Amino acid sequence: MILALKALLLGLIQGLTEFFPVSSSGHLVLAGSLLGLQLPDELLFGIFLHIGTLLAVVVVFYQDLARMVVALAAMVRDLFYNACLYLTAAGRDEVPVYRRILTTNYRRLAGMMALSCLPTGALGFLLEGAAQKSSGTLLIPGMCFFINGVILLVVDKVATQNLPPKELPMSRALFIGVAQGLAVMPGLSRSGVTICASLLCGMNRRMAIRYSFLLSVPTMVGALIFELGVGYHADQMTLSAVGLGVLGALTAGAAAYVTIRRMLEIVRRKQLYRFAVYCFVIGVVAIAGHFVLYRG
């Protein structure tokens, strides 16, 4: 019963903080250190939590995701056609007419997301060890909460260029990917830094938040594959562990669905500063908790 309650609370924390720009990883570290909300098999439970929040994004943005899959398939088809045309046209006098690749907003969006995933994956791999060590203390997450708050506060006041995807330079997707990769550190919000990076790159507020949430899909899929491949073992799949995981996933998914809907309105209304204030407060709590625990 106690483990089930912990799973429920952890799922709720994950779902509420994954898409609000306040860092779910930082809150889970706080919950474990200050409230004792820890489960025997944290890795398996974390996988279930990611599955729950991933499904919430898919439910909300299924139409956009479906169109992007179609666009991505068409891009691969046209790239293959161009490659074949290049090889068959070699040595001929006529100039080959290649197909254009980034012809629609969804194609450009899919291309940008693919570019964003490159630095995210590289930084995630390089910083994984540092992130794991930072999760063992409250000092680093507390400092990252402050940094996260400053980013939200500053960017919320910056005017955007309101550019649609087709007018954005593709290279700016790399900047967004770098920002997302740095958010592997607990206390830095993935959704927060990617929304802010997208706004700084010139996206309008509506597009910035949609891009951030859509980008979470390949990011979370990649994280799940990494977790399953590196630290998971089949003998961990006990009935009790699965039951707790499903409970956490359902709670996280339901809470994430609500927060995604809410964030779509908050960002449009330029209300990120409220989350900045919250990050400053929770940062003080984390740093104070660190020194209290250290002295204890």
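**Exercise 1. Cysteines**

Determine how far the sulfur of Cys201 is from the closest cysteine sulfur, and in which residue that sulfur lies.

Solution. The closest cysteine sulfur to that of Cys201 belongs to Cys196, at 11 Å, which is too far for a bond. The structure is a predicted model. The cut-off for a disulfide is a pair of cysteine sulfur atoms within 2.5 Å. Cys201 is buried, its relative accessible area being 6%. Next, take the whole structure: the search for disulfides returns 0. Cys144 is likewise in no disulfide, and its nearest cysteine sulfur, that of Cys279, is 11 Å away. Cys144 has a relative accessible area of 8% and is buried.

**Exercise 2. A network around Asp78**

Identify the salt-bridge partners of Asp78 among Arg77 and Arg107, and name the members of the network they belong to.

Solution. 
- Step 1. Asp78 forms a salt bridge with Arg77, with 3.1 Å between the closest N and O atoms. For burial, the cut-off is under 20% relative accessible area. Asp78, at 3%, is buried, whereas Arg77, at 48%, is partly exposed.
- Step 2. Asp78 also forms a salt bridge with Arg107, where the closest N and O atoms are 2.9 Å apart. Asp78 lies in H4 and Arg107 in helix H5 (residues 105-134), so the pair joins parts that are 29 residues apart in sequence. Arg107 is buried at 9% relative accessible area.
- Step 3. Through shared partners, salt bridges join Arg77, Asp78, Arg99 and Arg107 into one network.
- Step 4. Arg99 has a further contact to record: its charged end sits over the ring of Tyr81, 3.8 Å from the ring centre.

**Exercise 3. Aromatic pairs**

Classify the ring pair Phe19 and Phe213 and the ring pair Phe20 and Phe275.

Solution. A pair of aromatic rings is described by the distance of the centres and the angle of the planes.
- Step 1. The whole structure holds 4 aromatic pairs.
- Step 2. Phe19 and Phe213 have ring centres 5.1 Å apart and planes at 80 degrees, so this pair is edge-to-face. Phe19 is in the loop between helix H1 (2-18) and helix H2 (24-34), and Phe213 is in helix H9, so the pair ties together parts 194 residues apart in sequence. Phe19 is buried at 0% relative accessibility, and Phe213 is buried at 0% as well.
- Step 3. Phe20 and Phe275 lie 5.2 Å centre to centre with 40 degrees between the planes, and form a tilted pair. Phe20 is in the loop between H1 and H2 and Phe275 in helix H11 (residues 272-295), so the pair bridges 255 residues in sequence. Phe20 is buried at 18% relative accessible area, and Phe275 is buried at 13%.
- Step 4. Ring pairs also link Phe19, Phe61 and Phe213 into a cluster.

**Exercise 4. Nonpolar cores**

Name the residues that touch the most other members of the largest nonpolar core, and list the contacts of Ile260.

Solution. 
- Step 1. The largest nonpolar core has 57 residues, and those touching the most other members are Phe61, Met203, Tyr211, Ile260, Met263 and Phe275.
- Step 2. H9 gives the most to this core, with 10 residues.
- Step 3. Leaving out residues up to four places away in sequence, Ile260 touches Phe19, Ala56, Val57, Val60, Phe61 and Phe213. Among these contacts are the three members of the ring cluster, Phe19, Phe61 and Phe213.
- Step 4. A second, separate core has 8 residues, including Leu10, Leu37, Leu49 and Ala252.

How values were computed. Residues numbered from 1 in each chain as written. Predicted model: local features only at pLDDT ≥ 70, side-chain atom pairs only at ≥ 80, totals over all residues. Heavy atoms only, no water. Salt bridge = Lys/Arg side-chain N within 4 Å of Asp/Glu carboxyl O. Buried < 20%, exposed > 50% of the residue type's maximum accessible area, 1.4 Å probe, protein only. Helix = DSSP H or I, 4+ residues; strand = E, 2+ residues; numbered from the N terminus. Phe/Tyr/Trp six-rings, centres within 6.5 Å; stacked < 30°, edge-to-face > 60°. Lys NZ or Arg CZ within 6 Å of the ring centre and 35° of its normal. Core = buried A, V, L, I, M, F, W, Y, C linked by side-chain atoms within 4.5 Å. Contact = heavy atoms within 4.5 Å.
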